[in-house]
Amino acid sequence: MSKLSQFRELGKKIICVGRNYREHAAELGNPIPSKPILFLKPTSAYITEGQMIKIPLGCSDLNHEVELGVVIGIRASKIKQEEAMKYVGGFALGLDMTARDWQSEAKKNGHPWCLAKGFDTSCPVSAFIDKEKIPNPNNVDIWLKVNGETRQSGNTKDMIFSVEHLISYASQYFTLEPGDLLLTGTPSGVSKLNLGDVIQAGLGNIISVQFTVS
Ligand SMILES: CC(=O)CC(=O)C(=O)O
Ligand SMILES: [Mg+2]
């Protein structure tokens with residue numbers, strides 16, 4: 001697997017992890033999870049560079065969440081943490097775009113986050129990153145700027161649950177298939193976006209992307 005088009009075409013699922021960084025859980029007033037919090041986005045949420053992030057109709061608080069994405073390379077079901085990296089095909093940078101006003105409302109009412117997290121254009125992604133370029137996914141700088149100003153700056157070493165733990169955990173419940181994308185949660189610094197904002201985000205100097213909000 002060497003091209004983004006492959007993971008988009010093959011990918012059947014976008015599995016996301018919530019509250020995987022203590023500081024992000026704290027900034028939204030959420031408790032620290034004792035096990036991974038998983039949710040799904042539809043693959044219709046994907047966009048790639050050159051496409052615009054659209055503020056969904058009626059949303060008044062669109063937020064950015066920059067995340068390390070793990071692209072599954074080999075079908076995996078009920079695998080152990082120790083063998084998890086064998087199933088990784090590569091990586092990607094992903095943005096878990098979130099309608100925060102809708103998510104807050106859903107949380108208050110005990111409703112699912114489907115609309116708040118899964119609307120069209122809610123999953124901008126980078127090109128596929130070869131596995132060898134990230135020998136240790138649990139120690140990668142991750143950053144995001146809006147109009148040139150740094151908003152998120154973290155490192156995956158601060159994740160509560162490691163990449164291996166997340167893959168193993170998710171595989172106990174979902175069969176992971178080649179091309180599936182696992183978004184591993186966002187560090188602190190999420191903030192509101194406005195029409196015309198330009199987002200730049202990256203993993204250290206391994207990869208960077210740019211998207212405009214329209
Ligand atoms: C509170 C959230 O939106 C959870 C989430 O997606 C995260 O990355 O953390
Ligand atoms: Mg997220």
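Me: Which side chain has an N or O atom 2.9 Å from an oxygen atom of ligand 1?
Reply: In this predicted model, local features need pLDDT of at least 70 and side-chain atom pairs count only at pLDDT 80 or more, while totals for chains, interfaces and linings use all residues. Residues are numbered from 1 along each chain as written, chains are lettered from A and ligands numbered from 1 in written order, and side-chain values use heavy atoms, without hydrogens and water. A polar contact is a pair of N or O atoms within 3.5 Å. Polar side-chain atoms of Arg100 and Gln103 each lie 3.0 Å from an oxygen atom of ligand 1, and the side chain at 2.9 Å is that of Glu67.

Me: How much of ligand 1 does the protein bury?
Reply: Accessible areas come from the Shrake-Rupley method with a 1.4 Å probe. Taken alone, ligand 1 exposes 270 Å². Of that area, the protein buries 100%.

Me: What is the space taken by ligand 1?
Reply: On a 1 Å grid over the protein atoms alone, a cavity is a set of points where a 1.4 Å probe fits but cannot get out. A molecule sits in one if more than half of its atoms lie within 2 Å of its grid points. The space that ligand 1 takes is the largest cavity.

Me: What volume does the largest cavity have?
Reply: A volume is the space filled by probe spheres set on the grid points, which are joined across faces, edges and corners. The search of the whole structure finds one cavity of 30 Å³ or more. The volume of the largest cavity is about 120 Å³.

Technical notes. On a 1 Å grid over the protein atoms alone, a cavity is a set of points where a 1.4 Å probe fits but cannot get out, and a pocket is an open set with protein on both sides within 12 Å along at least five of seven lines; lining residues have an atom within 4 Å of a point. A polar contact is a pair of N or O atoms within 3.5 Å; within protein, one must be able to donate a hydrogen and the other to accept it, and residues adjacent in sequence count only if both atoms are side-chain atoms.
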